[in-house]
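Subject: Model handover and notes

Hello,

Please find the model below. My notes on it follow.

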Amino acid sequence: MVERFLIVTLLLSLISFSSTVFASSPPCSSISITGLPLVRNISEIPQDNYGRAGLSHITVAGSILHGMNEVEVWLQTFSPGTHTPIHRHSCEEVFIVLKGSGTLYIASNSHMKYPGNPEEHFIFPNSTFHIPVNDAHQLWNTNEHEDLQVLVIISRPPVKVFTYDDWSMPHNAAKLKFPYYWDEQCSQEPLKDEL
């Protein structure tokens with residue numbers, strides 16, 4: 001428990017910002033992390049479900065909103081029975097499960113024509129896992145009684161997401177979503193497939 005607290009505290013203090021600065025700024029301002037206070041209250045950071053019932057997403061530190069270049073950090077909460085789409089992206093991703101439990105589905109065959117049958121992994125409080133570049137995966141809150149809350153760290157932001165209707169859908173038929181929902185208001189970059 002102490003280790004989890006220290007890890008989360010360290011991550012958040014390394015990338016946190018003053019909420020008062022952002023509260024008075026437009027959502028797409030080009031605020032740089034240089035010179036801003038390190039500590040920020042997560043409960044004061046805007047959250048949204050971006051049209052996905054059962055999701056609460058907070059960009060704790062982002063490339064487009066906060067000027068991060070190498071990593072982006074999200075706090076996501078999934079209500080019981082909710083899940084991400086089956087998807088892949090051209091970045092690495094690390095999860096820390098803060099509370100709740102669920103199931104990670106991951107197909108590590110990005111070199112094949114389609115994701116294939118995914119491996120199933122139980123996730124639980126204090127567990128951590130990583131998603132390699134372009135491995136199709138899906139996260140489910142399979143706990144009927146408790147929210148699943150995860151801290152997510154991605155490399156190479158902003159994220160370009162390719163979604164699948166099912167595990168047998170060919171990679172070249174996956175739908176590109178870029179900018180992703182929480183970056184839409186601010187992004188001006190052209191679409192590009194990196195697989």
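Two strands are taken as paired if DSSP finds at least two bridges between them. Helices (H or I, at least four residues) and strands (E, at least two) are DSSP runs, numbered from the N terminus. This is a predicted model, in which local features need pLDDT of at least 70 and side-chain atom pairs count only at pLDDT 80 or more, while totals for chains, interfaces and linings use all residues. Residues are numbered from 1 along each chain as its sequence is written, and side-chain values use heavy atoms, with hydrogens and water left out.

Overall make-up

The protein chain has three helices and eleven strands. Along the sequence they follow the pattern α-α-β-α-β-β-β-β-β-β-β-β-β-β. Of its 195 residues, 49% count as buried; buried means under 20% relative accessible area, exposed means over 50%, and partly exposed is in between (1.4 Å probe, protein chains only). Contact means heavy atoms within 4.5 Å. Of the contacts in the protein chain with a separation of 6 or more, 69% are between residues 24 or more positions apart.

The sheet

Five strands form an open sheet in the order S1-S2-S9-S4-S7, with antiparallel pairing. Strand S1 (55-61) and strand S7 (128-131) are at the edges with a single partner strand each, so one side of each has no neighbour in the sheet. From one strand to the next the twist averages 20° (axes are lines fitted to C-alpha atoms, for helices over the stretch in contact, and angles run from 0 to 180 degrees between N-to-C directions). S1 pairs with strand S2 (residues 71-78) in the antiparallel sense over six bridges. Thr-59 stands opposite Trp-74 in S2.

The nonpolar core

A nonpolar core is a set of buried Ala, Val, Leu, Ile, Met, Phe, Trp, Tyr and Cys residues joined through side-chain atoms within 4.5 Å. The largest one has 18 residues, of which Phe-95, Leu-104, Ile-123, Phe-129, Leu-139, Leu-148 and Val-150 touch the most other members. At least two residues of this core come from each of S2, strand S4 (93-99), strand S5 (102-107), S7 and strand S9 (148-155). S9 gives the most, with four residues. Leaving aside neighbours within four places in sequence, Phe-129 is in contact with Glu-93, Val-94, Phe-95, Val-97, Leu-104, Ile-123 and Leu-139.

Annotated positions

The positions below come from an unreviewed UniProt entry. UniProt positions are given in the numbering used here, feature names are shortened, and annotations may be inferred rather than shown by experiment. His-87 lies in strand S3 (residues 86-89) and is buried, at 9% relative accessible area. Not counting residues up to four places away in sequence, His-87 touches Asp-135, Ala-136, His-137, Val-161, Phe-162, Thr-163 and Tyr-164.

The annotation "glycosylation site", also from UniProt (unreviewed entry), covers Asn-126. Asn-126 is in the loop between strand S6 (119-123) and S7 and is partly exposed, at 41% relative accessibility.

The structure holds one salt bridge, defined as a side-chain nitrogen of Lys or Arg within 4 Å of a carboxyl oxygen of Asp or Glu. The side chains involved are those of Lys-175 and Asp-165 (2.6 Å, N to O). Lys-175 is in strand S11 (residues 175-177) and Asp-165 is in the loop between strand S10 (161-164) and S11, ten residues apart. Lys-175 is partly exposed at 42%, whereas Asp-165 is exposed at 56%.

Thr-163 is in strand S10 and is buried, at 17% relative accessibility. Apart from neighbours within four places in sequence, Thr-163 is in contact with Pro-85, Ile-86, His-87, Met-169, Ala-174 and Lys-175.

Backbone points to check

Most residues other than glycine have a negative phi, and most peptide bonds are trans. Pro-157 and Pro-158 are joined by a cis peptide bond, with omega about -5°; Pro-158 is in the loop between S9 and S10. Tyr-50 has a positive phi of about 50° and lies in the loop between helix H2 (19-23) and S1. Asn-134 has a positive phi near 65° and lies in the loop between S7 and strand S8 (136-140). Tyr-50 is partly exposed at 27% relative accessibility, whereas Asn-134 is buried at 7%.

Regards
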